[in-house]
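User: I would like to learn how to read the features of a protein model. Can we take them one at a time?

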Amino acid sequence: MKSPVLFLLFFVLLVCTTWSNNLPGRHYHATRLTVPPPTIDGVLDDHAWTTGVWSGEFTQFEPFNGRPPSEQTEFMILYDDDNIYVAIRAWDSSPDSIVSRLTRRDQNDGDNVAIGFDSYYDQRTAFIFGVTAGGVKFDFIMTNDGHNEDWSWDPNWWVRTGIDENGWVAEMRIPLSQLRFEKGGEGVWGLQLARQLYRRAEMSLWSHMLSDTPGIVHCFGKLVGLEDVEPRSIFDITPYAVSSASRYPAVEGNPFLDGRDSQYKFGLDAKIGLTNHLTLDLTINPDFGQVETDPSEVNLTAYETFFQEKRPFFIEGRDITRFNLGIGDGDVGNDNLFYSRRIGRRPQGQLQLGEDAVADIPQFTNILGAAKVTGKTSDGLSVAFINAVTAEEKAEISLMGTSLHQTVEPLTNFFVGRLQKDYSDGTTIIGGMFTGVHRQLDENLADQMHSAAYSGGIDYTRYFRDKTWMFSMHTAISLVRGNETSMLRTQRSPARYFHRPDAGHLGVDSTMTSMTGTGGKIELSKIGGGHWMIYSALTWKSPGFDINDAGYFREADQALQVFALIYRVWEPKGIYRNYNIGIHQYTLWNFNGKNLVTGWNINGSIRYRNYWSSNAGIEFNHGMISTNLLRGGPSFRMPHRWSSWYSTSTDSRKKLVLNINGNLSRGSEDSSDLFRIGTGLTYRPTGILNISWNPYYMKRRESMQYITLGAVGEQSRYVFGSITQEVVSFSFRLNFTLLPDLSLQYWGQPFVATGHYSDFKYVTNPMASRFSDRYAILQEDQIQLIDEVYHVDENRDGTTDYLFVKPDFRFKEFLSNLVIRWEYSPGSTLHLVWSQNRSGYEIDGSLSYLRDLDELFTEKPHNIFLLKFTYRIGVR
C-alpha cells in the first residue's frame, strides 16, 4: 500500500517557498459610555454616537485584493457594563442602487456589513454579527482560524438599519452575555469588519488580508480599551407548547388508522452560563415539528442514506463535536464518530407479525431530555459534552380483537465528550473524543442490536511555515458489545461482510460477544502562501471498526490514499474574475492488500467577468474490484468507468438566476451508463419574495443490480438483473419575508422513481477477464412469471429451484411544508406549520410523469397541522 505520490509530496514540502501574511496590524480603541446608550432604530442621531471615535480606511479583499474600495465604510464601537454598541456607516454615492432584500435569518442577500470579535484572542475563534441593508440578521461562529463556520449559532442581539441620501447605516446592540472572554484580562480582542458591496461583488475589510492567506481569524486587527469589562453569564429559559392535528385516509379494519390524531406537547429549552467560558444547553421533551422534511429518495444499495441534521439543538455548536475520519463531501466524507441523527431515530426493532395482525409503530423515538456543555477557556481548551436519553418505544399490535405491545426501540443513553487544546498561538492543536451508547434491551431486541458501543479518538494538528502548511492526524478505536446473535448480525452486515468466501483475512465467529477495530486519517497539505495548493491523505478502517451506534460510516476493511494538486488564480484578468484547476489521484485497498480501485480526475472552476460561473470535471476509475456487490459473496471484478460532471450558473445577484448541472458516466463493455441533469431557477420579483424551482431528471442503466440470493442444491446463486431506473422531481420553494422577523416559507416536491428489470442473470465466474463471462443470463425456458413472482428452474427439470418477487417498482411521493415563523422578540417565536404527504407504490417499472403526477394528486393526503409557541425568559 505504498505510493510514490506521498514521497513526492514530502520532497515538495522541503523545497517549496511560501509567503506569510506579514501585514501591519490595525488597532481600534473602544469608548466606554458616560451618557445614555443609543436607541437601536437605524438612525445615528443619538448623543452617544458623538462620544466615540470613527474609523475607516477599508481595503478590498476581492476582486482586486489590496486596492481601495469603490465606496468607503466607517464604524464606531461603544460599550457599557452590559452591552457593546456598534454603528456602521456604509457610504454610497448611488444610494438608489443599494440592494435591500428581505429573507429569513442567516440567508443574507444584498448589501451587508459584519463585525467579528475574537474575544478569546486566540487567533482561531471569532463571533460574527452581520446584517443586510434590508435589516436581516446573520450570525455565526468561526473556528479553526476560519476554516470552519457554524451558522447554527443564533445569539440574542438587536440591530436596525436605515437607508438615506449618503448610503446606509447599521446600528447594533450586542449583549456581553452572548460573548465569551476572560475576566480581568488585558482588554484586548481580535477585531474585523467587512462590507459586501453587492452590485459590484466587492468585499472590503478593515484589517486587510491577502488572497492567499491560510486562515482568517489570525489576520484580525486589535480591539483595545476593554480592560474594565466584566463577563456576563447567559441565563435563558425557553418553555414551549405545541398543538398538532393529523388528518389522513382511514384504513378499514385497522384500529390505529382511523383518519385523525391529535397531540399536545410541552417542553423546555434552556441556555445557562456555567462560567465565563462554558455554556449549558438543556432540552426536556423537545419538539422539532417545524423542521423541514427530508427529501424523497429511493435507495437500492445495502447502505443507509446519510441525512443532514436540521434540528436546532443538535446543529448549534456541532463543529466542536466533529471528529471526521473521511475525505471530501461525498459518501466517504461523512465518516464521523458522532452522527446526531442517531438520537431520536426511527425505531429499529423488527416485528414478527401474523397474517391478520396490524401494528401501530412509532415514527420516531422520543427524546426524553438532552444536555450539552460547550465552550472554550482562556488558555485554549475547547470543551463539548453531550448526554441524551431516548425513551423506550413500543409498537401496539392488534390481532383478532386482542392487543399486545412489543418493544421496537430500547431506553438508550447517548454520551459524547470532546476536548481540544491549542498551543503556540494556535499552531498546534491536540484533542480527544469519546462516545458511549448504552441500551436497556429486552429479550427480543437483544438479538437485534448492540447492548453497548464505545468509540474514542485522538487528533493532532500542526501548522507550520506561517500556517501555509498543515499536518493532521486522527486515530480512533471502537468497541461494540452484544449477545452472540446480535454480534453475528454485525459480522454479516453490509459494512463488513465477514462471511465473504474469498476474504482469507476475515472469518465469522459465532461465539463473539464483542468486537474492536481501529480507524484513522493522516493529512498533509499546503493551504496557502501562493497559487499552488497540495493535499495528500491516507485513511483507514480496519475490518472490526464499527461506529454506527453513535456515529456514521459505510464500509470497514478499507484503506484509501488521496493526492491532489490545485492551482488558483484570484486576480481578475481578461474574461475571468478567478479560476482554479486541479488534478486528483486516489487508490483504495482492503486489509488483505488487494487493490480495489485506482482513479484519477481533473476538475476546474471559473468565475467570469460578467459574474457567471462554471465548473466541470472528468474522472476515470480502473482496476475496480467490488467486495460488496454480491452482498456477502465473493469479490466481483467491475468494468472500468468514465464519468464527468458540469455546472453553469448565471449572475447570482440578479433578480433571475439560472443554474444547470449534470453528470454523465459510462462503464466499459456496455456495462452501465448514467445521465443526470438538474436545473435551478430563482426569481426575486421584489425585495421580500424569493421563488425557486428545481427540476431534476436521472436515467441510469446498470447491468448488475442485486436482486436476491438463491440456491440450486448446495450451490449459492447470486441473482442480478439489468435495471433501467428513472427519477423525476420538481422541487419548488417560496420565501415571503414581510419583516426581518416575520416570514412565510413553503417547500414542495413531487417525486417519481421507477425501476424496470430485465436480463435476469446469476454470477458464474466473478473474476473472469471479460465482463460477459462473469455471469449467465437466464433463458426464457428457465424463468417464468406467475402472479408477480419469478420462478427459476435453472436446470430445466420442471421443479422451481428458487424464486423472487418481481422487482419492478414505481414509487410516487409528494412532500410539502408550509411554515409561518414570527420571532416576536429575540429568542421567542411562534410557528404555524402545515405538512402534507401523498405517496403511492406499484409493481410497475414504466415512467409517464404526467400520468404519475395525476395519479399522485388523486391519492388522499396525510395532513399535519401544528402550532408551536416559545417564550424566552432571560437576561436581555
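User: Where is the place of D557?

Analyst: This is a predicted model. D557 sits in the loop between β28 (532–541) and β29 (558–569).

User: Is D557 buried or exposed?

Analyst: The cut-off for buried is under 20% relative accessible area. D557 has 5% relative accessibility, so the residue counts as buried.

User: What is the phi of D557?

Analyst: General idea to begin with. Most residues other than glycine have a negative phi. D557 is not a glycine, yet its phi is positive, about 60°. N144 is another case: a positive phi of about 55°, and not a glycine. N144 belongs to the loop between β8 (137–143) and β9.

User: Which residues does a cis peptide bond join?

Analyst: Again, the background. Most peptide bonds are trans. Here a cis bond links E62 and P63, with omega about 10°. P63 lies in the loop between β3 (59–62) and β4 (73–79).

User: Now the whole chain. How many helices and strands does the protein chain have?

Analyst: Count the elements before looking at the fold. The protein chain has four helices and 48 strands. Its radius of gyration is 29 Å, close to the 29 Å that the globule rule gives for 876 residues, so the chain is as compact as a globular protein of that length. The C-alpha trace spans about 100 × 70 × 55 Å along its principal axes.

User: What share of the contacts comes from residues 24 or more positions apart?

Analyst: Take the contacts with a separation of 6 or more. Residues 24 or more positions apart account for 64% of them in the protein chain. Burial is a separate number: 55% of the 876 residues are buried.

User: What about the surface and the charges? How many positive and negative side chains does the protein chain have?

Analyst: Read the counts and the centres together. There are 83 positive and 101 negative side chains, and the centres of the two sets lie 4 Å apart. The chain exposes about 38300 Å², and carbon and sulfur atoms supply 56% of that area.

User: Back to single residues. Where is the place of W157?

Analyst: Locate the residue, then check its cover. W157 is in the loop between β9 (148–150) and β10 (158–164). Its relative accessibility is 0%, so W157 counts as buried.

User: Which residues is W157 in contact with, leaving aside its neighbours within four places in sequence?

Analyst: Look for partners from other parts of the sequence. The contacts of W157 include R105, F129, M172, R173 and P826. D139 is also one of its contacts, and the side chains of W157 and D139 form a polar contact of 2.8 Å.

User: S152 lies in the loop between β9 and β10. Is S152 buried or exposed?

Analyst: Use the cut-off for buried again: under 20% relative accessible area. S152 has 12%, so this residue is buried. Its side chain makes a polar contact of 2.4 Å with the side chain of D150. Leaving aside neighbours within four places in sequence, S152 touches I315, E316 and G317.

User: Last topic, separation in sequence and in space. How many residues apart in sequence are W157 and L176?

Analyst: Read both distances for a pair. W157 and L176 are 19 residues apart in sequence and 9.7 Å apart in space, C-alpha to C-alpha. For L210 and G748, the values are 538 residues and 43 Å, again C-alpha to C-alpha. L210 lies in the loop between β13 (202–205) and β14 (221–224). With a relative accessible area of 26%, L210 is partly exposed.

Definitions and conventions
Residues numbered from 1 in each chain as written. Predicted model: local features only at pLDDT ≥ 70, side-chain atom pairs only at ≥ 80, totals over all residues. Heavy atoms only, no water. Helix = DSSP H or I, 4+ residues; strand = E, 2+ residues; numbered from the N terminus. Rg over C-alpha atoms; globule rule 2.2 N^0.38 Å. Buried < 20%, exposed > 50% of the residue type's maximum accessible area, 1.4 Å probe, protein only. Contact = heavy atoms within 4.5 Å. Areas by Shrake-Rupley, 256 points an atom, 1.4 Å probe, with all protein chains shown as cover. Lys, Arg positive; Asp, Glu negative; His and termini not counted. Charge placed at Lys NZ, Arg CZ, Asp CG, Glu CD. Polar contact = N/O pair within 3.5 Å; in protein donor to acceptor, adjacent residues only side chain to side chain.
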